[in-house]
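Hi,

Here is the model I promised to pass on.

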There are 2 protein chains.
Amino acid sequence: MTNYFSSDFKLGILGGGQLGKMMLYETRKYDICTYVLDPNPDAPCRIACDHFQQGDLMDYDTVYNFGKKVDVLTFEIETVNTKALARLEREGKKVYPDSKTLEKIQNKGKQKLFYKEQEIPTAPFVQFSNKAHLTEGITSGKVKLPFVWKSTQGGYDGKGVSIIRTGADIAKLPDTECIAEKLIDFKNELAVIVVRNPQNEIKTYPVVEMEFHPEANQVEYVICPARIDDEIADKARTIAENVSKAFTHVGLLAVEMFQTKDDEILVNEVAPRPHNSGHYSIEASYTNQFEQHIRAILDLPLGNTESKVAGIMVNLVGAEGYTGNVVYENIDTIMKMKGVTPHIYGKKQTRPFRKMGHVTIINEDISEARKIAEKVKETIKVVSK
Amino acid sequence: MTNYFSSDFKLGILGGGQLGKMMLYETRKYDICTYVLDPNPDAPCRIACDHFQQGDLMDYDTVYNFGKKVDVLTFEIETVNTKALARLEREGKKVYPDSKTLEKIQNKGKQKLFYKEQEIPTAPFVQFSNKAHLTEGITSGKVKLPFVWKSTQGGYDGKGVSIIRTGADIAKLPDTECIAEKLIDFKNELAVIVVRNPQNEIKTYPVVEMEFHPEANQVEYVICPARIDDEIADKARTIAENVSKAFTHVGLLAVEMFQTKDDEILVNEVAPRPHNSGHYSIEASYTNQFEQHIRAILDLPLGNTESKVAGIMVNLVGAEGYTGNVVYENIDTIMKMKGVTPHIYGKKQTRPFRKMGHVTIINEDISEARKIAEKVKETIKVVSK
């Protein structure tokens, strides 16, 4: 085994946001030397890594030269230059997850096609190279209203996704390559985090239930375990595991799924990294998702994905009408509540719907946790002074 | 309430060792700006704090000037210049725990006298200003062999403490101010961590059982909860709470105690900071000791001290016969074991008995955890390459 601990081994992380910041708690715990690249000089990862470099994650030379400095390279955001990653891989560098997986995932058309080829259940879709073709597809009846429009590239946190119900909705769409996906009549939005290491050791976390904010299209509550039948949960975990195997994925893979009215499980999309739907694991799981990712990409034995207690996660997003220096109103009030832990990402400026942090609520009793989570949501407010 | 989160508030920490390092996980979680002072330029806290300053913790001017820069000052090691702290307090700076408490605790004679005055149960003792007086005390029969000799100052991790059984043992003692304490015939060594904030909100963690390495006099296992009767546990928690109240202590106070053969609880000594006996709390408790300390000194509501699961902590100390660049032999093997988390403090050089890290073992079943802890201890070895 490589000696990772208090040694001269170097782990590179592309992206220095909150996911990287939480990953660094784990590299600090293991005293693993880290290099972080991010365009923002005040990125949340700026401190706590060993070496911070400001630079463009989409720039070929920047990513390539950064990768040359480290022994293993990973990322905490998908929008990185995959061509530079591919070259690093050709030169023998370990890049986890790999560039091929990332390329497929970066493009929603390719991702969907991959599911189809691999016989992974997913909503039916048609791909269009531009808006004119999409309009043609609607006119010819190839696509029926309502449907879900997704830009094949650049979508993140609800951007690049729209539900199209009318001609007026179509008119508003940008002229880009896109897919039109069948609008699924679902009971639940679920997610399963899968972790796999290079030796093909594979584990899944329990299924979580997700609830989205209707306007911002950002996750509002993540509930673990999901309050669904064991049979459905097993099915979801198996499908998620199959997705990870299909990609021969190394590291974390968050698989978002729909549970349809008929109890079918359909894969919506995946994220090849620690994910919002796994934040509850910091407090609730034996091994949290960030430690698990580090274990996986360093080919260490995987940790225990079971929960110690039930966990619910509430996102802290900037309140509407506030832009400027952030203030977490009533944070002291929520800190009095049982099993409540706020996480502050370290962004000094708030703006409407910006992800500023999250709060985890843990309890032995999930319905108790759910009540407290609602109180948390009613109490804390991310404003500016 | 002061706005601590992503604000211009500054927390100062005297000492940059492993306790500070683990405290910084929590300041990072809350995005609280930190200043750290430590004599070692490669201290474990060097990264992950906002501002690191190299300097002597016992130097009056260094500590005073460092303290002037911050809003609240705390420490992670007792050997700091208390006169500088006292001046900062007079000038209105918040120093938690305060200089008066620290002065009492730094001197074992004063600490014991304080317990006596406050009617806190502790082993009988006699204080001597030097070795000649001690010898006189033994000759005159004021002190009887065997007894526990403790230097009043500078003792830490078993240094400055000896069990004296023979004249030869006496001969080896240094010529310093000391106390001679009755050797207690105890069943168990216990510890309780108490946390108190300036508003007099006070909470205790469950009682832990400690087992010491016979030679190095360092803790080998810390077991939470202690496998003792509820009645004894309640008594120990009440006594620990009384010690914190007697000091009007703010922050964490680790109270080490003996359970005698007659089920008396006697206070041995205290540490006014996060403590080795509370490391299990990172994985096992609702609110770990480091977060709790931060909450207390910032006058935030205290967190839940209950455990989610049973926890056992094993110290990782340098193996005998090895000095040099550290290697954690078989760390991958212990990472396969259920509920096992290694913590690596980040000291690049090992030497015999040096505290290099610790391992936490958590499990719903404490006897299962105890078995795994033994396997951990048999498997991992801190050596050099």
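Glu306(B) belongs to the loop that runs between helix 10 (289-297) and strand 16 (310-317) of chain B, and with 43% relative accessibility it counts as partly exposed. Keep in mind that this is a predicted model.

Now the salt bridges. Over all chains there are 40 of them. One that I'd look at joins the side chains of Arg370(A) and Glu211(A), at 3.5 Å from N to O. Arg370(A) is in helix 12 (residues 366-379) of chain A and Glu211(A) in strand 12 (residues 208-212) of chain A, so this pair ties together parts 159 residues apart in sequence. Arg370(A) is buried, at 15% relative accessible area, while Glu211(A) is partly exposed at 33%.

Another one crosses between chains: Asp31(B) pairs with Lys348(A), and their closest N and O atoms are 2.6 Å apart. On the chain B side, Asp31(B) lies in the loop between helix 1 (18-29) and strand 2 (33-38); on the chain A side, Lys348(A) lies in the loop between strand 18 (340-344) and strand 19 (349-350). Asp31(B) is buried, with a relative accessible area of 9%, whereas Lys348(A) is partly exposed at 42%.

Within helix 12 of chain B, Glu368(B) and Lys371(B) are three residues apart, which means about one helical turn separates them. Their side chains form a salt bridge at 3.9 Å, N to O. Glu368(B) is partly exposed at 32% and Lys371(B) is exposed at 53%. Chain A also has a salt-bridge network linking Lys108(A), Lys112(A), Lys150(A), Glu181(A) and Glu269(A).

A few backbone points as well. The Tyr96(A) to Pro97(A) peptide bond is cis, with omega near -15°, and Tyr96(B) and Pro97(B) are also joined by a cis bond, with omega about -10°. Pro97(A) is in the loop between strand 5 (94-95) and helix 4 (99-106) of chain A.

Ser6(A), not a glycine, has a positive phi near 55°; this residue comes before strand 1 (10-14) of chain A and is buried at 6% relative accessibility. Asn330(B) has a positive phi too, about 65°, and is found in the loop between strand 17 (324-329) and helix 11 (331-335) of chain B.

Cheers

Note on methods
Residues numbered from 1 in each chain as written. Chains lettered and ligands numbered in written order. Predicted model: local features only at pLDDT ≥ 70, side-chain atom pairs only at ≥ 80, totals over all residues. Heavy atoms only, no water. Helix = DSSP H or I, 4+ residues; strand = E, 2+ residues; numbered from the N terminus. Buried < 20%, exposed > 50% of the residue type's maximum accessible area, 1.4 Å probe, protein only. Salt bridge = Lys/Arg side-chain N within 4 Å of Asp/Glu carboxyl O.
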